[in-house]
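Here is a short briefing to read alongside the structure. Keep the 3D view open and find each residue as it comes up.

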Amino acid sequence: MNGIETKKEAEVMTGTEILPILPLKGTVVYPFLVVPLMIQQPEHTRLVDEALMRGSRVGLFLQKDSDIENPGPEDLYHVGTAGNILKMLRFPDGTVRFLIQGLNRIRIRKFTANRPHLMAEIEELEEVIDESVKMEALQRNLNERVKKLVELAPYLNEEFHISALNQETPSKLTDFIASNLNMSTEQRQKILEQVDVLKRARTLYQVVNKEIEVLELSQKIQAQAASELGKSQRHFILREQLKAIKKELGDTDDGGEVDEFEKKIDEAEMSEVAEKAARKELDRLSHMSPSSAEYTVSRTYLDWLTALPWEKSTTDILDLKKAKKVLDEDHYDLEKVKDRILEYLAVRKLKSDIKGPILCFVGPPGVGKTSLGKSIARAMGRQFSRVSLGGMRDEAEIRGHRRTYIGSMPGRIIQSLKRCGSNNPIIMLDEIDKLGTDFRGDPASALLEVLDPEQNDTFSDHYLDVPFDLSKVMFITTANWAEPIPHVLRDRMEQIQLPGYTEIEKLQIAKRHLIPKQLLNHGLTKSHIGFVDAGIKTIIDGYTREAGLRNLEREIASVARKVARKVATGTKTKTTIDAKAISKLLGPQKFTREVLVRQGRVGVVPGLAYTAVGGELLFVEATKMKGKKLLTLTGQLGDVMKESAQAALSFIRSNAEELQLADAIFEEHEIHIHVPAGATPKDGPSAGITMAVALASLLTERPVKACFAMTGEVTLRGELLPIGGLKQKLLAAARAGVSTVILPEGNRKDTTDIPPEIRKQLKFKFFTDVLAAIKFALDKPVAKSSKKTGAKARKG
């Protein structure tokens, strides 16, 4: 309750008197009731202190506007209550709480002071008391209505009714009821200003009756809502009550959110099917309760539909010279990719409605596949979005979840379009060769529709369930290895090989891009550090062995960190990074030219392999020992590679006479072929010629000529068949220090794509006959003079 009646009647003031005025915010104090109050303003705190120390009364007057911090005389009602402060408490935050007892009604005659607080001359208001039968009947009726009110109102208890019955006079009864009734401060002030007790009782009687009607109607609404919604939807009752109240009051909902969606649908420029679905969903939304779980699902669906760029496109930059300049700024070489993009822009300039190409960049890590996608987007003036497919196993990541699931959302393609805000962005699907599959579906199969230009103009996401045109999107996929990609998916993409970089290309890229980037990242300038070509070449040859550039960038960053440390400790001289400085900063070289170390050994032949990380030099070792006729293969070889070894042995045995081998050597010896790096799985037919030469070298005891390497598939008839990944293999041969490479005749046409510096460094020998290749590769027999000479030969 807002007030507590004292048992004995407080002392009543008479006549006129000057009192300090305490403004009240939102609280009306009635005579003979004790009310707790709280104040924060310093001047009001001093007023209460002085009144408590002197035992004087204060005038309690309601503010007209509770937002005013320092009210003046014109901001107060002029009828209030004289009060006596009973108790006061101070709190650490500076607030003061006190109990005050109302005494009688007073009116302000005039204000006498404004500082330090308001002072006013006040007069007591005499009540007009009617002791007729009419007053007694009204008092009884008021008590009866209060009893009814207590039964309906949850904020009143039975003690309130008992206290009301125990009031001695009608005046005290009306003031007690008014202080506890649920009504506005203006109504409370109106009752306080009424000095005629009969009129005051009538006004209060009307207020009590209105409150009872509202409570009865609330119970009726609650019963109606409960019967309509049923047991499973009782949490909607409060919202239905509000609806029913608005209906009774004639206040209809303005439907602001529905109108907002209506406007968004008009502005979205959707397709006819999508707009029909959106309006149908909007109609469902308008009949739902906002507190319903379905309401949130429906609202989120409309948000997605209206936020998608159905007809919003960015304008392509069709200036071919400008596009080529941007591509050249960001990447060195990669002419095939640049030419393909410029060709697309040229056709786009002539025919505006051409569908976007679907490209697949295949190459080892670190050659710039992902960054190339960003550069293409910048050159064309399009938005860019990257979607990582590595390890993705759920088909719903591509096509979205159906809306029946909790927390469902569109797939990554639709999310990318919303994020870009245009329907013609460049979307890069990264690591497409590392897609997985499990019980949740096959993402690769879901991509069949996305990456098919004949189908993706009606791409349907499970969440949206309406077609969206992806034909304007330019899809670029990346892969380290094309073989893991399903054939039907690979057939939909235009593959562009990014085989790796030569030493000269790496040198240029380091000077143009990597070194400036690392200097900027480490806060260095050209006055602190200077790289010379010899130093960069030393890093490339001795500290990295890769087709891409990531390790090269790491080593350059390591050099920059060490120089930055010198600069930070006060060194002011410029550090020149040459070959000598590299060995001091990075330590001993991590890689050596292995082909030079292992040359001149019988049964050891360097071959060339193509892996997901680029081309590699792969040694094949063969040895024989006394034993049964047996072929042992080790080095974690795949089935195809094992079959190549068996075919190579069969070829050598069938041509033993040509190679001047005795038949007994095969019957009395066990042959073991091993491919080092046994922890790495190996497979493929291109090591056939390497194994055949290794067996011939072992059995004839003639080593392979110095700095030779080879690749090619062999048949039982002695034919040397062409292989793939030639450029990557030749780059690896150049990095390893090979001078001569034996290749199938069928690969002669592929050497036109080999960089000039590689063709200059390597000598190509083409063969169609395996026996001729073997005779060309083998050197003279090793001299058997002494153990010391043999040891020197083995040492190479």
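Start with cysteine 360: at 1% relative accessibility, this residue counts as buried, because the cut-off is under 20%. Cysteine 707 is buried too, at 15% relative accessibility. Searching the whole structure turns up 0 disulfides. Keep in mind that this is a predicted model.

**Confidence**

- The protein chain has an average pLDDT of 84, and 92% of the residues score at least 70.
- Residues 1–14 have a pLDDT below 50, yet this stretch has 43 contacts in the model beyond near neighbours in sequence.
- Residues 785–796 also stay under 50, and here the model has 5 contacts beyond four places in sequence.
- Where pLDDT is low, the predicted coordinates should not be read in detail.

**Threonine 544 and helix α19**

- Where does threonine 544 sit? Threonine 544 is in the loop between α19 (533–542) and α20 (550–568).
- Is threonine 544 buried or exposed? Threonine 544 counts as buried, because its relative accessibility is 1% and the limit is under 20%.
- The side chain of threonine 544 reaches back to the backbone oxygen of isoleucine 540, at 2.8 Å.
- Beyond its neighbours within four places in sequence, threonine 544 touches Ile539, Asn551, Leu552, Glu555 and Phe591.
- Helix α19 has buried residues of its own: Gly535, Ile536, Thr538, Ile539, Ile540 and Gly542.
- What do the buried residues of α19 pack against? Their partners are α18 (503–521), β15 (529–531), α20, β16 (575–577) and α21 (579–586).

**Helix α2**

- Helix α2 covers residues 133–152, which makes 20 residues.
- From first C-alpha to last, α2 reaches 29 Å, close to the 28 Å expected at 1.5 Å a residue.
- Several α2 residues are buried, among them Met135, Leu138, Leu142 and Asn143.
- Val146, Leu149, Val150 and Leu152 are also buried in α2.

**Salt bridges**

- How many salt bridges does a search of the whole structure find? The search finds 41.
- One of them joins the side chains of arginine 378 and aspartate 330, at 2.9 Å from N to O.
- This pair links distant parts of the chain: arginine 378 is in helix α13 (residues 369–380), aspartate 330 is in helix α11 (residues 320–330), and they are 48 residues apart.
- Arginine 378 is partly exposed, with a relative accessible area of 43%. Aspartate 330 is partly exposed as well, at 27%.
- Arginine 412 and glutamate 397 form another salt bridge, with their closest N and O atoms 3.5 Å apart.
- Arginine 412 belongs to helix α15 (residues 412–420) and glutamate 397 to helix α14 (residues 396–399), so this pair ties together parts that are 15 residues apart in sequence.
- Arginine 412 is partly exposed at 26%, and glutamate 397 is partly exposed at 31%.
- Arginine 653 meets glutamate 667 in a salt bridge of 3.7 Å, N to O.
- Here arginine 653 lies in helix α23 (residues 639–654) and glutamate 667 in helix α24 (residues 664–667), so the pair ties together parts 14 residues apart in sequence.
- Arginine 653 is partly exposed at 36%, and glutamate 667 is partly exposed at 44%.
- Which residues do shared partners join into one network? Salt bridges connect Arg105, Glu127, Asp175 and Arg200 in this way.

Terms used:
Residues numbered from 1 in each chain as written. Predicted model: local features only at pLDDT ≥ 70, side-chain atom pairs only at ≥ 80, totals over all residues. Heavy atoms only, no water. Helix = DSSP H or I, 4+ residues; strand = E, 2+ residues; numbered from the N terminus. Buried < 20%, exposed > 50% of the residue type's maximum accessible area, 1.4 Å probe, protein only. Polar contact = N/O pair within 3.5 Å; in protein donor to acceptor, adjacent residues only side chain to side chain. Contact = heavy atoms within 4.5 Å. pLDDT = per-residue confidence, 0-100. Expected span 1.5 Å × (residues − 1). Disulfide = S-S within 2.5 Å. Salt bridge = Lys/Arg side-chain N within 4 Å of Asp/Glu carboxyl O.
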